[in-house]
Amino acid sequence: MSKLVLPHGGGSLRPLLIDGQQRAAELRRAEGLTAVPMTSRESSDLVMMAMGAYTPLDGFMGHDDWRGTCLDMKLGNGVFWPIPITLSCRQDLADSIGADEEVALIDEDSGQVMAVMTVAEKYTIDRQLECSQIFRTTDVSHPGVAKVMAQGEVNLAGPVRALDEGIYPQAFSGLYLRPAETRARFEARGWSKVAAFQTRNPMHRSHEYLAKIAVEICDGLLIHQVLGKLKSGDIPADVRARAIDALVENYFVAGTIIQAGYPIEMRYAGPREALLHALFRQNFGCSHLVVGRDHAGVGDYYGPFDAHHIFDAVDSGCLEIEPLKMDVTFYCDYCRSTATNRTCPHDELHRLTISGTRLRAMFAKHEPIPPEFSRPEVLEILQSHYDSLG
Ligand SMILES: [Zn+2]
């Protein structure tokens, strides 16, 4: 009997990927079906379903699930769900699809057939409602809002049979771990309490500090990085992975960390996305999620601790996983240690913080970056990445 948290919804993991002969037959059949293109966000959601990370969803959401998710963070069956997982298409394409027709879902960037879906429902949505509920704004300069506003006019819903996980298993070999695989690794190490550390950046001293707090109170830590599309200027996943490996090898006790990546495309929905991050980490077998300042936020759309507060606002028991709420971290030269607002009483003058923009400028000019901010092994990898950009 596993000591890990149960998958979300209390049942078994539900990976929607089919394989073997069944997959080959479905791929052949898909050639004759109407092709529905998926945006990169939709495609990454499909891969999340394929790997079992969106357990217990069985496909793209219908109207009731969409509406319940937006308004009450609940699916039609009452199961907690904080962000709509929907598939859009153009009106003319939707009109050409009949009731219960099977369609082939195609990744619009690669042209690859990713899944077959039985179209159980076609519906239109109030995009303003979705954006104001999920993103707390309808401002199209918000990258998540922009994608909802630009998507097709009609949503298609229905059960999905996933046929492919796209580039991820090959491109991120060793890093791409499905929920069943992370669970197996946790169990092999005898872990029951596992924290997840979400990252889309390399890890500096402040991240190391948070990660080590999690290691202190759990059996182990999953450093879990975003492999889906990022914002321009972000560090590529392979460079991030090497920088994180260098940190882990040199500064963590062997056997306390597992590094993996997962295929989501960030929505930057702040608090609502923090809940989704917790939900699928539970599917990966994690009992805790580190939630720092402005988790999954962008710009100044969210208060720095909105993603903490939302965990208090949802029904207790809607998730088994718990947040580890962490304050802003920095190095304090008076304390002579990394600290947070909760542990350091000194003023700003003593605190070392370097913004992302400033850090990039420092790499560009080969300015020395203090070891109190980032480990030299990490900086060396990042410096050679920036040098390679020319
Ligand atoms: Zn201090």
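Q: What should I know about the model itself?
A: It is a predicted model: local features need pLDDT of at least 70, side-chain atom pairs count only at pLDDT 80 or more, and totals for chains, interfaces and linings use all residues. Residues are numbered from 1 along each chain as its sequence is written, and side-chain values use heavy atoms, with hydrogens and water left out.

Q: How many helices and strands?
A: There are 14 helices and 15 strands. These are DSSP runs, numbered from the N terminus: helices are H or I with at least four residues, strands are E with at least two.

Q: Why call the chain as compact as a globular protein of that length?
A: Its radius of gyration is 21 Å, close to the 21 Å that the globule rule gives for 390 residues, so it is as compact as a globular protein of that length. The radius is taken over C-alpha atoms, and the rule is 2.2 Å times the number of residues to the power 0.38.

Q: What percentage of the residues count as buried?
A: 56% of the 390 residues. Buried means under 20% relative accessible area, exposed over 50%, partly exposed in between (1.4 Å probe, protein chains only).

Q: Switching to strands. Is S10 mostly covered or uncovered?
A: Mostly covered. S10 spans residues 257-262, and six of its six residues are buried. Ile257, Gln259 and Gly261 point one way, Ile258, Ala260 and Tyr262 the other.

Q: Which strand is joined to S10, and by how many bridges?
A: S9, residues 220-226, runs parallel to S10 with six bridges. Two strands pair if DSSP finds at least two bridges between them. Ile223 stands opposite Gln259.

Q: And what order do the strands take in the open sheet of three?
A: S14-S13-S15, with antiparallel pairing. S14 (337-340) and S15 (351-352) are the edge strands, each pairing on one side only.

Q: Last topic, Asp45. Buried or exposed?
A: Buried, at 0% relative accessible area. Asp45 lies in helix H2, residues 40-51.

Q: What is Asp45 in contact with, beyond its neighbours within four places in sequence?
A: Tyr54, Phe60, Ile85 and Arg267. Contact means heavy atoms within 4.5 Å.
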